[in-house]
Amino acid sequence: MSDKLTGGKLEATGLPEAINLQPAHLRLEHLVKRFGPTMAVDDVTLDIPKGSFATLLGPSGCGKTTLLRTIAGFYEPNDGAIYLEDRRIDHLPAHRRGTAMVFQDYALFPHMSVFDNIAYGLRLAKVQGAQLDRRVHETVEFVGLQGLEKRWPSQLSGGQQQRVALARALVVQPRVLLLDEPLSNLDANLRERMRWELRSLQQRLNITFVYVTHDQSEALAMSDWIAVIKDGRVMQWGDPWEIYYHPRTTFMAEFVGAANLEPVKIVDCHPPKATVVWHDYRLELPAPEGGAADEALLCIRPEAITISAEPGDQARYISLPGTVTRKAFLGHIMRYWVQMGKAEWIVDESDPGANLRTFDGAVYLLCDPHRVHLIAMPAPAPGAPAA
Amino acid sequence: MDVKFSPPLDENSMPRLTRRTFLKVAGTGIGLTVAGGILAACGGPAQQKASGKISVYSALNETTNNAFVDAFKKAVTGIDVEVLPLAAAGELQTRIRTEKNSPKADVFIGGSSEFHDPLGKEGLLEAYKSPNASSVPDMYKDPNGFWTGWYLGIWGTVLNTDRFAKEMSGVKKPAVWEDLLDPAWKGKIVYPDPVKTGGGYIMIATQVFRFNKDEDKAMDYMKKLHANIGQYAGTSPQCIQLVGQGQFVLAPNWGHDILTAKNQGQPVEFVVPEGTGFEIGAVSIVKGGPNTAAAKAFVDWALTKEAAQLNVKLSNRLSVRNDVPPAPGSPTLEQVKLVNYDRAWASDNKDRLLKKWQAATS
Amino acid sequence: MKTLTREPMLGLTLLILVALMFSFILYPQIQVVLVPGLKGYFAFFAEGMWVKPLVNSLEAMALSTTTAVILGFLYAYAMIYSDMPGKPFFRLIGMLPLLSPPFVVAASYILLFGPRGLISYRLLGQSWNVLGLGGLWGVQTIAYFPFAYQLIADVLARSDPRMEQAARNLGAGPWQVFRTVTLPLARPGLASAILITAIYVLEDFGNPALIAGRFTVLPTQAYGLVSGFGDFVGAAAVSTILLVLALMLYLGHLRLEGNRSFVTVSGKAGSMPRPPVPRLVTWGAFTICAILSGVILMVYGVLVLSALTKAFPSNWAFTLEHFDYVRVHSKSLENTFVYCSIAAILCSLYSVLLAFLIQRKEWPGRRIVDFLAIMPAAVPGIFFGIGYATAFNQRWLDWLDRGVLIMISMIFWNIPVAYRAALAGLAQIDRSIDEAATSLGAGSLRGFRDILFPLLREPMLTGLGTAFVRAVTTLSVVIFLFTPGTTVATITIFQLVNDFNWGGATAFTVGLIGLAIAVLSVIWFVTGRRAIVTHSIGG
């Protein structure tokens, strides 16, 4: 029995008729959820694109799961509204919203077989007999669990249980599928594979997924659209590229990916452009958020820096001297920590096998001025970034 | 396909409700069938014919109840008797009280008059002076006619004959209450807790009356007796059981119960000291009962010699009629010296006396 | 609250349950509480005769509850955790004390351990002062440890062995594991056990009536006031005191239970065995259980002997004549069986539904209803019965069959145990399982029926069994309700006892116990074929 979603098989046969889903547009407006004095969800407004793989990303305790559960209907919002296809759903009881959920611990019904677990939602919808059997079987095949229908949840592996949870939710044709960190209990290898398979599943089915995770590489890998949540508020939203390359705050820069940050003085600020002086170089860069300011944080990603023994071409690079304090071989990259003055920068060298040497001691960090950007200091109020 | 799924029920159906409704219907059906006679007889004051069915709340024992029903049916035809047997007059009294909005009982028979009297005062009884009551001395009747006494219970002691013979050969059987203060009895007496049992309290009151209401002397007696009491029991009948088992040698208790135990084969004897208390067993009619006319017929019969004889034979109690001999082993009224037991006074002063007793014996 | 308004069926269900509760628990009790009137209450309390019984009650409660819970815990631990042999036997014996029809079992204790007891005197040459606090303590401990045992065993059985394995793995010795993992995990069961046991000890009437002698507790005082002196007002006042005590106990237990979650049924696989228990513990457990079982068997053995001999203990001649009474009174046995079975089933269903509504949903007044659900335990049976007799003896209710009324009284009289068992069971099921059902389209009631109800089979059956046994052995509740056609077994025993017919009473009691064991065996058999649930939790 293959442990993979049978992606290949799917292409051959096309979408099974059983799963015939319409993407839905989910909109949250000024959603607030309080637990006693704590604000778990603090005035969240999001417009989740139709048919996208949307991820709510954030550190533990940031409120992303609360937000998901509020959408599902397990929590009552204290304020605000939720719209599904322009229909207000926060007044509806949880079981009538058309939002099926895949739980972090799968929550399979221990007293039902795999078949019955999957069939449950259909039976509730009064699907019976041959039609029921057909739909369940098709979904079982779709997630690659053929032959396991009669097993009990306790007899399945973690990955198999996860698929049952997935199949159970898919088979009822939800408008929106909610997933609460469904991969966090799997081992690393399986996790990676499941990412691709979930992603391709979503794309084939073309339904809206709302996915919660704290793993930023997972979010970047799988999503069409990401909203980063911290302390119950939306820090930033956009597509992965936008999130990664245009973080609006230090938190964003450091949470999604690694970042090297250095304060710089702004000598001339005419939005949308600003001129800064950095290591005796004058740079003209897009202005940071929040209008005129005297200083900003200059941000450059580790992979955008080239480490070298000699200073590079002055026309192309800004060369900064530093000293390697330590390094780590991560397989596909060599990560160096380089001391420059008071700051310690991180530099990633890709494909270290191509270089027959590693770097030690005094080095030069070659920065491409086109690869830096400015972050306002302090961070501006959350809202949509400038287009 | 092995589907472990209960058959889909409509979310609107509530199995529990259905079952309950069914039960109510079935219950009503059964109730009507069983109680049909009673309800039919409940025709109100218009129906004065002594016939139909009566419901008798009886504190008498089972054998007596059965015999009474049979005998009554033979003596007075046309009336069906349904007995609610509960050999605890206090419970019956409470029950009659709880049923006052819709009385189910016709007759309350048995149990000391101390239980009938309050009901009369509360207006729950129907006053009736039966013609047969003329054979009952006045001191055993309620002047207002709410209840009529028809038997007596004598308070005495139960003695375990085996142990008494073996262990106490030098001691004489108690002829007066003071005999119980003999140190030879130490630890061998069990006594019914007067705070909880009618009998236990009647003993205290008896002592008070014996000393002509000198409470200090009475309490002094009880205090001395306490020194000999091995343990206290929670109910009066239990004392007899314990003495019968041989756990103790003697207990103050009701003569009729002692004799019944003896007839069951227990190695016991009924010994009555001089100057003892007694209870009056009563019969009364519940006001507003289903069939008052027939109830009166029953009361009339209960006061006859035949009924008295049956009661004596089957429960060893003493009849108030002087033409009915006592049960074997039981003394006659003349042989027993009774104290002047002032019921009303005993009842009114109960709490105070109990407190005194507790103070004297703790 | 919004959940209720959005799911009208749920709201309706709640309303019905609460209405039933108000009609059949609150309303009859109010009848009793109102009886004395303010003047009556003042007079009674000024008298002061209630102080000593109150102190005695608290004393007995503290002592008996402690030992009963400890014993129940030991027993549960031995049954669930240890490897000791003979578990089915011990399971049965552990339930036996629940089957204590009035009078007769307590009398057996005296026969065995009294001043001339078979064990105390003939065997050990001692003359024990068994009638008093000492005897009461011993009898109540044995009589009530099964409640604690069942509630705790249920929780222990569902606890996750992985936690204990984890602790062992980290270096904790068996005692440490017990103290820091097992014990805290058993907290919901323990809290429940302490509360229920304490309340039952407090309202216990049958045992103190026979064993406590002069040591008067509140229920015996109340009974004495009614039965000995016809003082209904005083008795009602005493009943009110008991109610107040129960309320305080309830509030106290709320703090004890805390808000922690002890979820162990979460729809995830867990098939680890428990860490092994040291041999010393196993044999210690076995010894304790064996001694306890020995005492229990002796008590019931004496009962059987009484039924089979002419006049035990003075006349040991074998006879079967006493069993004639069983034949003669077979109708009352039949009534008992019918009323109590139906009542137990309905009680169990009602309780599990109510527990679901209270534990899984939020709505105003939840805590009050939670208290009302255990209030019947705090009311002496005699007052429960009086309340019913007063409340339902109205002209317009004359059509109500007495049998039905007795059944209803049994249902609501036994809600506390079934309800607490259901609550403890529910607390162990992770909410994500309900939520999964909800997200798939199941309304609350539907989710309850499909998902929670099947997973609650064992607590429900526990509750059902206990409710049945309590219904079968209660006297004080029915004594004011029965009619000749609706007599139940306990009344018959009472009548036989009052006839001084000990042979008949014991024979009938043996018959009754036999019936109860038969029914319980059926239930046990059904549970014996364990549900899938336990497999998947690694039990």
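## Confidence in the model

Among the elements of chain C, mean pLDDT is lowest in helix α27 (residues 532-536), at 27, and highest in helix α17 (residues 330-360), at 93. This is a predicted model. Across chain C the average pLDDT is 82. In that chain, 93% of the residues score at least 70.

One stretch of chain C calls for care. Over residues 529-539 of chain C, pLDDT stays under 50. The model has 25 contacts beyond four places in sequence for this stretch. For the complex, the predictor gives an ipTM of 0.77 and a pTM of 0.78.

## Chain A: overall build

Chain A has 387 residues, and 42% of them are buried. Its secondary structure comes to 9 helices and 20 strands. The C-alpha trace of chain A spans about 75 × 50 × 35 Å along its principal axes.

## Chain A: the mixed sheet

Six strands of chain A make an open sheet. Their order is β6-β7-β8-β3-β9-β10, and the pairing is mixed. Which strands stand at the edges? They are β6 (99-102) and β10 (233-238) of chain A. Each has a single partner strand, so one side of each is left without a neighbour in the sheet. From one strand to the next, the twist averages 20°.

Inside this sheet, strand β3 (residues 53-57) and strand β8 (residues 208-213) of chain A run parallel, joined by 5 bridges. One bridge sets A:Thr55 against A:Tyr211 in β8(A). A helix also packs on the sheet: α5 (residues 158-170) of chain A, which touches β6 and β7 (176-180). The direction of α5 makes about 180° with that of β6(A).

## Chain A: the antiparallel sheet

Another open sheet in chain A has 5 strands, in the order β15-β19-β16-β17-β18. Here the pairing is antiparallel. At the edges stand β15 (305-308) and β18 (343-350) of chain A. Each of these pairs with a single strand, so one of its sides has no neighbour in the sheet. Neighbouring strands of this sheet are turned by 45° against each other on average, direction ignored.

Strands β16 (residues 318-329) and β17 (residues 333-340) of chain A are antiparallel partners, with 6 bridges between them. A:Arg326 stands opposite A:Trp337 in β17(A).

## Chain B: overall build

Chain B has 362 residues, of which 53% are buried. It holds 13 helices and 11 strands. Of the contacts in chain B with a separation of 6 or more, 75% involve residues 24 or more positions apart.

## Chain B: a covered strand

Is strand β10 (residues 278-286) of chain B mostly covered or mostly open? It is mostly covered, with 9 of its 9 residues buried. Both faces take part. B:Phe278, B:Ile280, B:Ala282, B:Ser284 and B:Val286 point one way, and all are buried. B:Glu279, B:Gly281, B:Val283 and B:Ile285 point the other way and are buried too.

Which strands pair with β10(B)? Strand β3 (residues 107-112) of chain B runs antiparallel to β10(B), with 4 bridges. Here B:Ser112 stands opposite B:Gly281. Strand β4 (residues 125-126) of chain B also pairs in the antiparallel sense, over 2 bridges. In that pairing B:Leu125 faces B:Val286 as its opposite residue in β10(B). Strand β5 (residues 147-160) of chain B is joined to β10(B) by 7 bridges, again antiparallel. The bridge partner of B:Gly153 in β10(B) is B:Glu279.

## Where chains B and C meet

The contact takes 60 residues from chain C and 62 residues from chain B. On the side of chain C that touches chain B, the largest share comes from helix α13 (residues 218-229) of chain C, with 7 residues. By class, this side of chain C has 27 nonpolar, 23 polar and 10 charged residues.

Definitions and conventions:
Residues are numbered from 1 along each chain as its sequence is written. Chains are lettered from A and ligands numbered from 1 in the order in which they are written. This is a predicted model: local features need pLDDT of at least 70, side-chain atom pairs count only at pLDDT 80 or more; totals for chains, interfaces and linings use all residues. Two strands pair if DSSP finds at least two bridges between them. Axes are lines fitted to C-alpha atoms, for helices over the stretch in contact, and angles run from 0 to 180 degrees between N-to-C directions. Two residues are in contact if their C-beta atoms, placed from the backbone, lie within 7 Å. Ala, Val, Leu, Ile, Met, Phe, Trp, Tyr, Cys and Pro count as nonpolar, Asp, Glu, Lys and Arg as charged, and the others, Gly among them, as polar. A residue is buried if 20 or more other C-beta atoms lie within 10 Å of its own, exposed if 12 or fewer, and partly exposed in between; C-beta atoms are placed from the backbone. pLDDT is the predictor's confidence in each residue, from 0 to 100.
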